[in-house]
Amino acid sequence: MVGTGYVGLVSGACFAQFGHDVTCIDSNAQRIDALRAGAMPIWEPGLDRLVAENVASGRLAFTGMLGPPVAEADAIFIAVGTPARRGDGHADLSYVYAAANEIADAMNGYSVVVTKSTVPVGTGRAVAQLIRMRRPEADFDVVANPEFLREGAAIDDFMKPDRVIVGVESERAREVMAQVYRPFNLIQVPVVFTGIETAEITKYAGNAFLAAKITFINEIADLCEKVGADVHDVARGIGLDGRIGRKFLHPGPGFGGSCFPKDTVALVRMAREAGAPQRLIETVIDVNDQRKKRMAQKVIAACGGKVAGRRIGVLGLTFKPDTDDMREAASLEVLPALQAAGAEIRAFDPQGTREAERLLPGVVLARTAYDVADGADALVVLTEWQEFRGLDPRRLRSLMRTPVVVDLRNIFDPVVFRSLGFSYEGVGRK
Ligand SMILES: NC(=O)c1ccc[n+]([C@@H]2O[C@H](COP(=O)([O-])OP(=O)(O)OC[C@H]3O[C@@H](n4cnc5c(N)ncnc54)[C@H](O)[C@@H]3O)[C@@H](O)[C@H]2O)c1
C-alpha cells in the first residue's frame with residue numbers, strides 16, 4: 001500500500017484484517033516512525049486498535065523503503081494524495097506518477113498496480129504507459145479501484161462497503177483482484193468489474209452527485225428561511241420517496257473536506273477538456289463557494305451587524321465530525337472572515353486542535369465546549385460533533401455574555417434555546 005494517509009492506512013489495516021499480508025509504505029519518514037512506535041498519524045475511530053491487532057498478528061508492517069515489499073507483492077495499491085493543482089484545479093497527479101516510477105523500478109514478476117487514489121480519467125492508462133517506458137520487460141497490469149470510504153466511518157465503510165468498483169482489462173488482473181476482495185463474497189458485497197475509464201469516472205460521478213445533493217438541500221434551506229418553512233420536514237418529506245432517499249439532505253454551511261471540493265473541480269476541468277461540460281456541477285461548486293463565504297455574514301448579522309471587539313465562541317473546526325481532517329473545512333473560511341471584521345475567536349474541537357493551531361492563527365483553542373461559551377457574545381456551531389448535542393443550554397446561558405447562538409448544523413432545539421432567552425439562528429428553519 002503506497003501512501004499511508006486516511007485511505008492507505010485504513011485500507012492496509014482492513015486488508016490485513018481480511019488475512020492478507022500488507023506492507024504500508026510512506027515517503028513521510030515521520031509518519032512511518034510514528035506508526036512503528038504505535039502512534040496513529042491521523043485520528044479515525046477504531047483505527048489504533050485495528051492497526052495494533054494486525055501488527056501483532058504479523059500481517060501488517062510499515063516501511064519507508066518501497067523496494068522490497070513491492071518486489072514481493074501480488075498487488076500494489078497507490079493511495080497517495082491527489083489534491084487540486086494550484087491555479088487550474090486539475091487533480092495534481094505528481095504524487096501518483098512519482099509512486100508509479102518507484103514501483104516500476106522495484107517490480108519483480110507479475111504484479112497488478114492498482115490506483116486507489118481518486119484519479120481523473122486516463123490516469124490508469126498513463127500509469128501503465130509510464131511503467132512500460134521505464135521497464136519495457138515488466139510483466140504487469142494496471143487496475144482502477146477507487147475508494148469510497150468516509151472519514152469518521154472509514155473502517156466500517158471499508159469492511160462493509162455498498163459496493164467495490166474494479167476497472168480491469170485482463171483476466172489475470174481480474175483474478176488477483178477477485179482474490180483480494182474474496183472475503184466480501186461471504187457478506188455479498190457487490191464487486192463490480194468495469195473498464196478502467198468507467199471505474200475512474202464512477203468515483204467522480206459519485207462524489208459530484210453527493211455534492212449536488214447537499215447543495216440542493218442547502219438552497220432549499222435558504223428558501224425555507226425566507227418563507228417560514230422547516231427544511232428538516234421538507235427533507236423528510238422528499239427523502240421518504242425511495243427515488244430520492246433520506247441521506248445527504250442535511251443543510252449546513254456548505255460542503256468541505258478532502259474530497260468533494262477538489263473532486264468536483266477536477267471533474268469539471270476534465271469534462272471541459274473532453275468537450276462534455278458538466279454545467280450542473282459547475283453551478284454546484286459556485287453555489288457552495290458563495291455559501292461558505294456568506295456564513296460569516298450570517299454570524300455578523302446575528303450579532304447585530306458588527307463583531308468588532310466581540311468575543312465569538314466556535315464549536316467544531318473539522319469539516320465534519322469524527323475526523324481530525326481540516327481540509328476545506330467551513331471554519332477556514334468563516335473564522336478568518338470574522339477575525340478580519342474584528343472579532344476575537346475562541347474555538348473548541350474534540351480532534352481538530354492539532355491541525356487548527358497551524359491553520360487558524362490568532363484563534364484561541366479552548367479545552368472544552370463550555371470554555372468557548374465563557375464570556376462569549378455569540379456561540380457558533382460549525383461541526384456537528386455528537387458531544388455538542390448534549391450541552392446544557394442553561395449552563396451555556398449562564399456563561400455567555402450575550403446569549404446569541406448561530407447553529408449552522410441545526411443541532412440544538414430552537415424552542416428550548418429561545419425559551420431560555422437566547423437569540424437563536426439556525427439553517428432553513430424558524
Ligand atoms: N480521505 C478520504 O476520505 C478519501 C476517500 C476516498 C478517496 N480518497 C482519495 O484517496 C487518495 C488519498 O487520500 P488521503 O486522504 O488518504 O490522502 P493523505 O494526504 O491523507 O495521504 C496521502 C499519503 O501519501 C503519502 N505519499 C505521497 N507520495 C508518496 C510516495 N511517492 N510514496 C509513498 N507515499 C507517498 C503522503 O506522505 C501521505 O501520507 C486521494 O486521491 C483521495 O482523493 C480519499
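Biologist: Why are H1 and H3 called oblique to each other?

Modeller: H1 (residues 6-17) and H3 (residues 47-56) pack at an angle of about 50°, with their axes 9 Å apart. Angles under 35 degrees count as roughly parallel, over 145 as roughly antiparallel, 65 to 115 as roughly perpendicular and the rest as oblique; H1 and H3 are therefore oblique. The axes are lines fitted to C-alpha atoms over the stretch in contact, and the angle, from 0 to 180 degrees, is taken between N-to-C directions. The helices themselves are DSSP runs (H or I, at least four residues), numbered from the N terminus.

Biologist: What is the basis of these values?

Modeller: The model is predicted, so local features need pLDDT of at least 70 and side-chain atom pairs count only at pLDDT 80 or more, whereas totals for chains, interfaces and linings use all residues. Residues are numbered from 1 along each chain as its sequence is written, and side-chain values use heavy atoms, without hydrogens and water.

Biologist: Which residues make the contact of H1 with H3?

Modeller: With contact meaning heavy atoms within 4.5 Å, Leu9, Val10, Ala13, Cys14, Ala16 and Gln17 of H1 meet Leu47, Leu50, Val51, Glu53 and Asn54 of H3. These divide into 8 nonpolar, 2 polar and 1 charged.

Biologist: What makes H10 and H13 oblique?

Modeller: The axes of H10 (residues 196-227) and H13 (residues 279-302) come within 10 Å and cross at roughly 50°. H10 and H13 are therefore oblique to each other. Their crossing is left-handed, a term for a near helix turned anticlockwise from the far one by less than a right angle. Among the residues in contact are Ala208, Thr215 and Glu219 of H10 and Val284, Asn288 and Arg291 of H13. The contact divides into 6 nonpolar, 3 polar and 6 charged residues.

Biologist: How does H12 pack with H13?

Modeller: H12 (residues 260-274) and H13 pack at an angle of about 145°, with axes 9 Å apart, and this crossing too is left-handed. Thr264, Val265, Leu267, Val268 and Arg272 of H12 meet Ile281, Glu282 and Ile285 of H13.

How values were computed. Helix = DSSP H or I, 4+ residues; strand = E, 2+ residues; numbered from the N terminus. Nonpolar A, V, L, I, M, F, W, Y, C, P; charged D, E, K, R; others polar.
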